[in-house]
Amino acid sequence: MSTTIVRAACPHDCPDTCALLVTVKDGVATEVRGDPAHPPTAGVLCTKVSRYTERTYHKDRLLYPLRRVGRKGEGRFERISWDEAISTIADRLGAIALRDPQAILPYSYAGTMGLVQGESMAGRFFNRLGASQLERTICASAGGTGYRYTVGARIGTDLEQVDHAKLILIWGGNPIASNLHFWTRVQAAKRNGARIIAIDPYRSLTAEKCHWHIALLPGTDAALALGMMHVLAAEGLLDHDYIARHTLGFEQLKERVAEWTPQRTAEVCGIRVEEVQELAREYGRVALAGEGAMIRANYGLQRVRGGGMAARNIACLPALVGAWRHPAGGIQMSTSDSFPRDHAALSRPDLAARHGAPARVINMSTIGDELLKPASPAFGPQIEAMVVYNANPVAVAPESAKVAAGFAREDLFTVVLEHFQTDTADYADIVLPATTQLEHVDVHSAYGHVYMMANNAAIAPLGEAKPNTEIFRLLAAAMGFEEDCFKDSDDAIAASAFRRDHPRSAGYDWNELKEKGWQRLAMPIAPFAEGGFATPSGKCEFYSEQMKAAGLDPLPAYTPPYESVASNPQLGAKYPLAMISPPARNFLNSSFVNVQSLRDTEGEPHLDMHPADAAARGIADGDMVRIFNDRGSMQARVRVTDKARLGLVVGLSIWWKKFAADGKNANEVTSQRLTDMGNAPTFYDVLVQVERMAGDAAAAA
Ligand SMILES: Nc1nc2c(c(=O)[nH]1)N[C@H]1C(S)=C(S)[C@@H](COP(=O)(O)OP(=O)(O)OC[C@H]3O[C@@H](n4cnc5c(=O)[nH]c(N)nc54)[C@H](O)[C@@H]3O)O[C@H]1N2
Ligand SMILES: Nc1nc2c(c(=O)[nH]1)N[C@H]1C(S)=C(S)[C@@H](COP(=O)(O)OP(=O)(O)OC[C@H]3O[C@@H](n4cnc5c(=O)[nH]c(N)nc54)[C@H](O)[C@@H]3O)O[C@H]1N2
Ligand SMILES: [Mo]
C-alpha cells in the first residue's frame, strides 16, 4: 500500500485559486485538502472543492468518446473509438476549412482556469486553422475595461493585507459564496475593529453578516459612486497631495460630481439620502486618518448596461481620499494583470498569420444570435462548426432559447470536450471525454491573489479520458499540422507560461514551481501607494482621453439599466420586477450542479421574493411560480423573504436545465444586450413578471 501527497491547484473560476494537497492511495485520490502553508488558502477549502473526489469519481463521468444517435438536445449517444472520433472531426473541420476556416468557431471559457488546459494547445490549433476568434466577454470584461481606463491594469489591494483594514466596502460581491478566502480575512479585520459594509440589492449570505447593508437598486452603482464623490468634494474629504501628484482631471471631475447631490443619488439608487452621505463620510474619514479603507469591487455590479462605467467610477474613489497609501486601503477588483503571462508562447497567435487578414471575432455573449445568422457580407460565413471546451453555453449564455435554437441547428457540426453530459453536450455530434484537474498537469495565475500555482497530476486518467491538450494534439496531427509546437508536452507548455524576463516573475522555473506548488510574484504590498498607475499618463485618470477616443464619456457618468422601472416605464408596466441570478453557494457557475450532495443542499431552483411583491400576486411561500418576459419563462419555487428588496426577485444560479422541472433556467429571461464597455453580457439587467402556477399548492415539496 503506497500513500503519497500530491501538490495541486484548484482549477475553478474563482478568485481564490487554492493550493491543494491531494492524498493518493494506490493510485486512487482519497482526499483533497487545502495547503496550510499557502497564505491565501491557509488550509481551508470551500465545501465544493473539499468534495472534489466526489466530482472526479462521479458515476456519470464521461469516460469514452461518444457519437450522437438521438435528436440534438435529446442526449442519446453511443460509444465510439478515439480513432473514429478524431478522424470524423478532422474530416468535417477539414472540409469546412477548405471553403472558409472562419465558419469554424471555438467556444471556451473558464471551466478550468489552467493556462495549459485552457488556451495553449487549443489556441495554437485554432490559430493555425484560421478559425473565427472568440471574444471572451462572458464574465469580467465590462468592469475590467472600466477599471483599466482608470487605474491602467487589473492590479489592486493585496489579499494578505485585508486583515489590517479598518473599513471594508463589499461592493457587488458575495464572498461567503464566491470568494471565501477573502471573507476569512474580512473576519480577521472585523476582530481587529473594522467596519464592514455591503452594497448589494439583495441581502446575500454576506450582506447578512455585515455591519451595514445598503440595498440599492440593481444597476445604479455608478450613481452611488458619483454621489459619494459629490459628498467627498463638497465636504473637503480629499487627499489634496495625492490628487495633485497622482491623478488626472480633478477639476473636471469636481464639476461633474457637483451634479450628483445626495438627493439625486438617493433617488436614482432607491436608498435614503443619509445613506449616501454617511457612506461617503465614513469612507473619507477612515482613509484620511491614514487607516485602511478598502473596497472589494466585484462582479455583481458589472452585469448591467452601465457596468463598465460603474467599475470606473468606483475605481476613482481611492485616489480621491488617498486610500491607496495604506496597504489595506485601495481597491481590489481583480489581480489578474499582476501576472506576466506569456500569451504569445502559450497560444501562438503568430500561427494565424498564414491566413492573411486577421480572422473575424465573434462575441461569446451573443452566441444565440451568432448561431442563427446566415452568411452575409457583414457577418461573413455562417457558423458551420463549433468546438466547445471548458464551457457550458447552453446553460450559462444569455437568452437561452436562442442559444438552444442555435445549437439545435441540424446543419451545425458540434464537438464538446467535457467531464459530464451537460446541457451543451446534449447538443453535440461528438462528445470527447476530458480529464479533470486530478488527472492532468497545469499551471495557474489567479485573480484574487498574486501567487503562481502548479498542478501536478495526482492520478491516471479515468477511462479513456484525455487532457484538452492531448485532444488538440491528436486533432492537429490528423489535420496535418506539422509545426513543432503541436508536439510540445504539457510540462513544456507550463514552462513557457510566465515571462522570465519580467521583474515580477524573474527566474520563473517550472520544475521548481511544481515541487513547491506555489510562488508569490514579486509584487509590492501597496501597489499604488506612490502612484505609478499603468494608464497612459501614469496617473489615476478621472478624465480619460482613451475613453473619449472610444466614443465614451471621458468623465465618470451614470447610464441607467436597459430594463428598469425607472429607465423604461413602458416595459416596467408589463414586467415590474427586476431579476438577478447570482451564483448559488454550492455551485460554481454550472459546475457541481450534478454532484448530488451539493445539489441536495441547494434543493431545487428557487426564487426569493419580497413579502409585499408576493402578496400582491397571491403568492405564498413554497408556491411554484412562472417567471417570464418577452424572451421566455422558467419555473421556480418561491421563498417569500425580505432578503430581496421590494421590486427585486432573486434566482440563485446556474442550474443545469435538465435538473429543473421545466428543463429551463434563469437564462431563459436574460437578454443578449451588451454593456457600455467590454461587450459584456447584462445578466442582472432584466425585468420580469411572476405568477403563481395554476393548480400548484404550497407545501407540494
Ligand atoms: N460558489 C461560487 N463561487 C463562485 C462562482 C459560483 O458560481 N459559485 N462563480 C465565480 C465567478 S465566474 C465569478 S465571476 C464570481 C462572481 O462572484 P461575485 O463577484 O460575488 O459576483 P456575483 O455573484 O455575480 O454577485 C455578487 C452579489 O452582487 C449582487 N448584485 C447583483 N446585481 C447588483 C448590482 O447591480 N449592484 C450591486 N452592488 N450588487 C449587485 C448580487 O445580489 C450578489 O449578492 O464568483 C466566482 N466564485
Ligand atoms: N444567469 C446567469 N448566467 C451567468 C452568470 C450569472 O451570474 N447568472 N454568470 C456568468 C459568469 S460570471 C460566467 S464566468 C459564466 C461561466 O460559464 P462557464 O465558463 O461555461 O462555466 P461552467 O458553467 O462552470 O462550465 C464550465 C464547464 O467546463 C467543464 N470543464 C472543467 N474543466 C475542464 C477541463 O479540464 N476540460 C474540459 N474539456 N472541460 C472542463 C466543466 O465540466 C463545466 O461543464 O457564466 C455566466 N452566466
Ligand atoms: Mo465569472
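This is a predicted model: local features need pLDDT of at least 70, side-chain atom pairs count only at pLDDT 80 or more; totals for chains, interfaces and linings use all residues.
Author: A polar contact is a pair of N or O atoms within 3.5 Å.

Reader: Which side chain has an N or O atom 2.9 Å from a nitrogen atom of ligand 2?

Author: That side chain belongs to Asn 667. Ligand 2 also has a nitrogen atom 2.9 Å from a polar backbone atom of Val 396. An oxygen atom of ligand 2 lies 3.3 Å from a backbone N or O atom of Ala 391.

Reader: How much of ligand 2 does the protein bury?

Author: The protein buries 97% of the 920 Å² that ligand 2 exposes when taken alone.

Reader: Which residues are closest to ligand 2, and how does the shell divide by type?

Author: There are 30 residues around ligand 2, and the closest are Arg 55, Glu 418, Ser 581, Ser 590 and Ser 591. By type, the shell of ligand 2 holds twelve nonpolar, 14 polar and four charged residues.

Reader: Now ligand 1. Which residues come nearest to it?

Author: Asp 200, Asn 298, Pro 583, Phe 587 and Asn 589 come nearest, out of 33 residues around ligand 1. The shell of ligand 1 consists of 18 nonpolar, nine polar and six charged residues.

Reader: Turning to the backbone, what should I expect of phi and of peptide bonds?

Author: Most residues other than glycine have a negative phi, and most peptide bonds are trans. With that in mind, look at Thr 17, whose phi is positive, near 30°. Thr 17 sits in the loop between strand 1 (3-9) and strand 2 (19-25). Asn 390 has a positive phi too, near 55°. The loop holding Asn 390 runs between strand 15 (385-389) and helix 16 (393-396).

Reader: Are Thr 17 and Asn 390 buried or exposed?

Author: A residue counts as buried under 20% relative accessible area. Thr 17 is buried because its relative accessibility is 4%. Asn 390, at 12%, is buried as well.

Reader: Where is there a cis peptide bond?

Author: Between Ser 653 and Ile 654, with omega about 0°. Ile 654 belongs to the loop between strand 26 (648-650) and strand 27 (687-692).

Reader: Thr 422 is also in a loop. What does its side chain reach?

Author: The side chain of Thr 422 reaches the backbone nitrogen of Ala 425, at 3.0 Å. The loop in question lies between strand 16 (413-418) and strand 17 (430-433). Thr 422 has a relative accessible area of 4%, so this residue is buried.

Reader: Which residues is Thr 422 in contact with, leaving aside neighbours within four places in sequence?

Author: Those contacts are with Asn 392, Trp 656 and Lys 658.

Conventions: Residues are numbered from 1 along each chain as its sequence is written. Chains are lettered from A and ligands numbered from 1 in the order in which they are written. Side-chain values use heavy atoms; hydrogens and water are left out. A residue is near a molecule or strand if one of its heavy atoms lies within 4 Å of it. Ala, Val, Leu, Ile, Met, Phe, Trp, Tyr, Cys and Pro count as nonpolar, Asp, Glu, Lys and Arg as charged, and the others, Gly among them, as polar. Helices (H or I, at least four residues) and strands (E, at least two) are DSSP runs, numbered from the N terminus. Buried means under 20% relative accessible area, exposed over 50%, partly exposed in between (1.4 Å probe, protein chains only). A polar contact is a pair of N or O atoms within 3.5 Å; within protein, one must be able to donate a hydrogen and the other to accept it, and residues adjacent in sequence count only if both atoms are side-chain atoms. Contact means heavy atoms within 4.5 Å. Accessible areas come from the Shrake-Rupley method with a 1.4 Å probe; for residues, only the protein chains shown count as cover.
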